[in-house]
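The sequence and structure come first.

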Amino acid sequence: MPPLLKIILRRLALGLLTMLVISVLVFAATQALPGDTATAILGKEATPERVKVLREQLGLDRPLLVQYVDWAGGILRGDAGDSLVGTGEPVNQLLGRRVMNTVALMLMAALIAIPPALVLGSLSGRFRDGLFDGAVSVGSLTFAALPTFVIGILLMLLFATQILHILPAVSRVEPTASVWSQMDLLWLPALTLALASAPFTVRMLRGSMIEVLESDYVQMARLKGAPERIVLQRHSLPNAIIPVIQVIALDLAWMAGGVVTVEYLFNYPGIGASLVNAVSNRDVPVVQAIVLLIATVYVVFNLTADILTILISPRLRTGLQ
Amino acid sequence: MSDQEGGSSFEVGKLWEIANSKRVTRRTVLKGAAAMGALAALGPIAAACGGSESDTAASPSATAPKKGGHIRSGINGGNTKDTLDGQVSYIDAGKKTEQIYEPLLGWTPDSKLELKLAESYEISADGIEYTVRLKPDLTFHDGKSVTADDVIYSYQRVLDPDTAALATNHLTALKPSGIKKLDDLTVRFTLEQPDMSFEEVLAYYGCCIVPVGFESPKGVEGAIGTGPWKVTSYFPGEQTEFVANRDYWGEGPYADKLTMIEFVDPTAKLNALLGGSVDHLAILDTSQVPTIESTPGYSILEAKTGGWDPFTMAMDLKPFDDVRVRQAFRLIVDRPQMIEQAHGGYSWVANDMWAVFDPGYPKDLPQRVQDLEQAKSLLKQAGYDNDLNVVLNCSTATGANDPAAAQVFKEQAKGAGVTVKVDKVDPNAYWNEGNYLSYPFAMTMWGTNSYLWLCRAALFPDGPYYETHWKDDEWEKLVLEAYKTVDDAKRNELVSQCQTIEYERGAYIQYQFHIMLDAHSDKLQGLVADNFGAEGATKSRFNLMYFV
């Protein structure tokens with residue numbers, strides 16, 4: 001079996017184990033919170049009789065182990081169960097749309113963030129301590145320091161409500177149509193996420209670039225008379241980018257996890273707001289489903305980052321043999 | 001949309017409106033002064049027409065309501081736990097179900113009973129039989145006629161414990177065998193004992209009339225009622241869409257479509273209004289008032305409601321078993337100050353009596369004010385000399401501003417030598433067994449209620465909301481008599497005496513009633529301020545709204 005494949009399989013197995021542990025932990029944590037779905041639904045109307053009736057209807061009176069095993073069995077069959085609240089919609093259906101919304105937002109934010117970040121990072125590393133580097137540093141440190149929702153509000157004031165009025169202030173996607181046909185609503189939240197995450201990529205690439213440009217092989221390439229463009233593209237960037245791939249993977253996973261403040265601010269129906277809602281309702285099937293989804297994203301993205309790193313780095317590639 | 005005459009007409013219009021306003025408050029006087037100042041200082045600089053004014057008086061419309069248009073309303077929500085079952089959904093979800101379903105009677109915006117699906121009703125002299133006659137030619141959304149069979153089915157469903165209906169607690173006087181059909185349009189309810197609050201049961205939104213065979217709807221399937229709007233799509237926590245019921249028996253709807261969009265964040269909701277994504281905003285945050293007032297083309301609707309968030313004292317637990325302590329605590333509160341600090345001024349002062357729109361409300365009792373000397377004196381008589389320590393449990397579960405009110409009470413109590421420890425409880429834990437109903441000193445929330453209705457829920461030991469553990473023999477005699485008294489004048493007199501007893505020695509500290517605010521684009525008119533208040537200033541009467 002090719003060594004790369006062996007690595008992948010081993011990592012996937014570890015990932016599955018991680019998800020199992022997470023599902024148990026989250027289940028336990030949700031149960032440990034005061035109240036349960038029945039009290040959450042009934043609120044002030046929660047007389048002991050009504051709570052008992054509702055608990056029976058929702059299957060919450062069964063022993064915890066039974067509830068967990070029942071749910072886990074469902075997951076293995078691909079059935080995430082039914083939501084405990086509202087109309088009892090199957091979780092797959094309930095989340096399907098919102099997952100798609102979050103994916104769309106994540107992709108748009110990534111497209112806005114990554115290419116400019118790569119350019120800015122490598123150039124400011126190349127021309128360090130110049131005016132360009134200074135400006136980029138100030139900018140990226142500022143945005144890195146600002147909380148995400150502050151960035152969102154600033155962008156909203158700038159582009160939607162106070163200074164210019166060219167972008168919609170609210171990104172409420174029509175639930176009846178596909179999110180991909182309404183991408184123009186996503187500009188502000190996508191920009192917000194991009195500005196919140198890009199600085200780390202820029203800084204990482206800058207530092208990495210500086211280190212690489214001082215290495216022996218780059219000196220060698222320059223001494224050989226290679227044009228600066230080749231030095232940057234073929235010799236420096238592929239090496240400098242390795243740590244940056246990890247950062248980008250983490251950023252994307254963070255975005256996929258549903259950034260709740262951005263969803264609230266722009267009224268965007270993604271999985272972040274769903275998760276908060278489900279936790280406050282103690283809607284265990286929904287909470288579990290979302291958490292597992294996010295865990296899967298982290299595992300897959302990290303695995304992809306590692307594989308890319310191996311493929312890009314010649315040293316690691318030969319080390320496989 | 002620019003005004004040809006320029007900015008000065010805006011200021012003049014404001015002065016005119018203030019001069020003619022039925023209610024001249026501190027706010028309107030200050031605005032008048034500002035307007036005068038602005039007029040003097042500014043020349044006729046072009047300003048947008050219309051301007052923003054508080055609609056405290058209903059202004060007559062120049063033209064008859066136009067038909068058509070799509071009303072989009074931004075409401076609080078974002079919670080997926082709503083359903084479209086009109087007999088089970090709570091106040092918040094009720095905004096939606098009240099568009100779809102209706103009860104036999106209803107409430108007017110100034111809290112009087114009115115006929116809805118009923119054409120007429122009679123109460124027998126002994127107060128036991130209620131005979132209700134339906135309006136003829138009423139239909140459900142699916143075209144089926146509304147008959148006595150539907151009324152009977154609806155009430156049987158509410159009485160069925162498996163439905164877990166909202167109204168169950170209020171229907172103690174009615175048994176399933178007490179509902180009889182007299183003819184296709186007439187139903188007779190026979191109560192086990194006389195109970196004058198049954199009139200309000202007939203008006204309760206949770207006792208809406210559904211067709212025979214109605215089951216809890218999954219989504220929009222089966223959500224059939226008689227109301228002005230038919231639901232066409234439903235995404236819990238996100239939005240609900242309706243089309244106008246063109247066969248509606250009552251007024252309107254004038255618009256063709258209605259969409260209710262839910263927001264978790266008040267900023268996002270406001271931006272939706274100002275950005276044109278919605279035409280109406282239910283429940284404006286008090287901090288957002290200046291933004292609306294300074295943006296032309298938008299107005300605020302204010303409603304003085306009877307909703308209240310009081311402090312509760314459990315009178316069977318120390319120290320509140322001593323009436324002097326309860327009276328002292330009521331004297332601790334500087335009511336205007338608490339309203340200003342906790343509610344931003346958006347409440348009106350209460351006098352420790354809550355059924356303020358009841359005909360029997362004792363208007364002539366002196367308004368209670370802060371009196372720390374008297375409070376200290378009462379506490380001393382009760383045996384406390386600057387050494388009384390209490391724990392006050394509060395939560396955002398009762399209202400976003402209530403923890404702030406608790407803090408204000410704590411500060412004010414220092415002046416009477418009372419040390420208060422404020423314990424803020426997680427909203428999901430507040431209503432749990434062992435907490436709410438067991439706290440010696442806590443807070444709670446109520447909407448607008450009539451006296452007899454709420455008593456059953458909160459002031460009797462078998463009521464589900466027996467918060468204050470209230471027990472008073474003199475009061476009990478009077479109130480039980482009131483339930484049985486068919487004659488309106490006599491009953492109101494008894495209720496008045498009951499309320500007076502609570503004024504003197506009750507276990508609530510009630511300092512305020514809510515003022516609800518809605519905001520809307522000036523293109524949308526026909527909004528009517530409603531006393532009810534829980535869902536916003538207009539109580540979601542979308543059938544009356546129209547575009548200009």
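## Backbone exceptions in chain B

B:P253 sits in the loop of chain B between β10 (239-244) and β11 (257-263). The model is predicted. The peptide bond that joins B:G252 to B:P253 is cis, with omega at about -10°. A cis peptide bond also joins B:K318 and B:P319, where omega is about -5°. B:P319 belongs to the loop between β14 (311-313) and α8 (323-332) of chain B.

Most peptide bonds are trans, and most residues other than glycine have a negative phi. B:S111 is not a glycine, yet its phi is positive, about 60°. This serine lies in the loop between β3 (105-107) and β4 (113-115) of chain B. B:H469 likewise has a positive phi, near 50°, without being glycine, and is placed in the loop between α13 (451-458) and α14 (473-484) of chain B.

## A four-stranded sheet in chain B

Chain B contains an open sheet of 4 strands in the order β5-β6-β8-β7, with antiparallel pairing. The edges are taken by β5 (118-123) and β7 of chain B; each has a single partner strand, so one side of each has no neighbour in the sheet. Neighbouring strands are turned against each other by 20° on average, direction ignored.

| Strand pair (chain B) | Sense | Bridges | Bridge partners |
|---|---|---|---|
| β7 (179-183) and β8 (186-190) | antiparallel | 4 bridges | B:K180 and B:R188 |

β7(B) and β8(B) form a hairpin, with 2 residues between the strands. Helix α4 (residues 148-159) of chain B lies across β6, β7 and β8 of chain B and runs at about 175° to β7(B).

## Chain A

Chain A has 14 helices and 0 strands. Of its 321 residues, 40% are buried. The C-alpha atoms of chain A fill a box of roughly 85 × 60 × 35 Å along the principal axes. Among the contacts in chain A with a separation of 6 or more, 71% join residues 24 or more positions apart.

Helix α5 (residues 91-126) and helix α6 (residues 131-145) of chain A have axes that come within 8 Å and cross at roughly 135°. That angle makes α5(A) oblique to α6(A). The crossing of α5(A) past α6(A) is left-handed. On α5(A) the contact is made by A:L120, A:L123 and A:S124, and on α6(A) by A:F132, A:D133, A:V136 and A:S137. By class, this contact has 4 nonpolar, 2 polar and 1 charged residues.

## The contact between the chains

How many residues does the contact take from chain A and from chain B? Chain A gives 36 residues and chain B gives 34 residues. On the side of chain A that touches chain B, the elements giving two or more residues are α2 (37-42), α3 (48-58), α7 (148-161), α11 (260-266) and α12 (271-280) of chain A. The largest share, 4 residues, comes from α3(A). The residues on this side of chain A divide into 19 nonpolar, 13 polar and 4 charged.

Conventions
Residues numbered from 1 in each chain as written. Chains lettered and ligands numbered in written order. Predicted model: local features only at pLDDT ≥ 70, side-chain atom pairs only at ≥ 80, totals over all residues. Axes fitted to C-alpha atoms, helices over the stretch in contact; angles between N-to-C directions. Parallel < 35°, antiparallel > 145°, perpendicular 65-115°, else oblique. Left-handed = near helix turned anticlockwise from the far one by under 90°. Contact = placed C-beta atoms within 7 Å. Nonpolar A, V, L, I, M, F, W, Y, C, P; charged D, E, K, R; others polar. Pairing = 2+ DSSP bridges. Buried ≥ 20, exposed ≤ 12 C-beta atoms within 10 Å, placed from the backbone.
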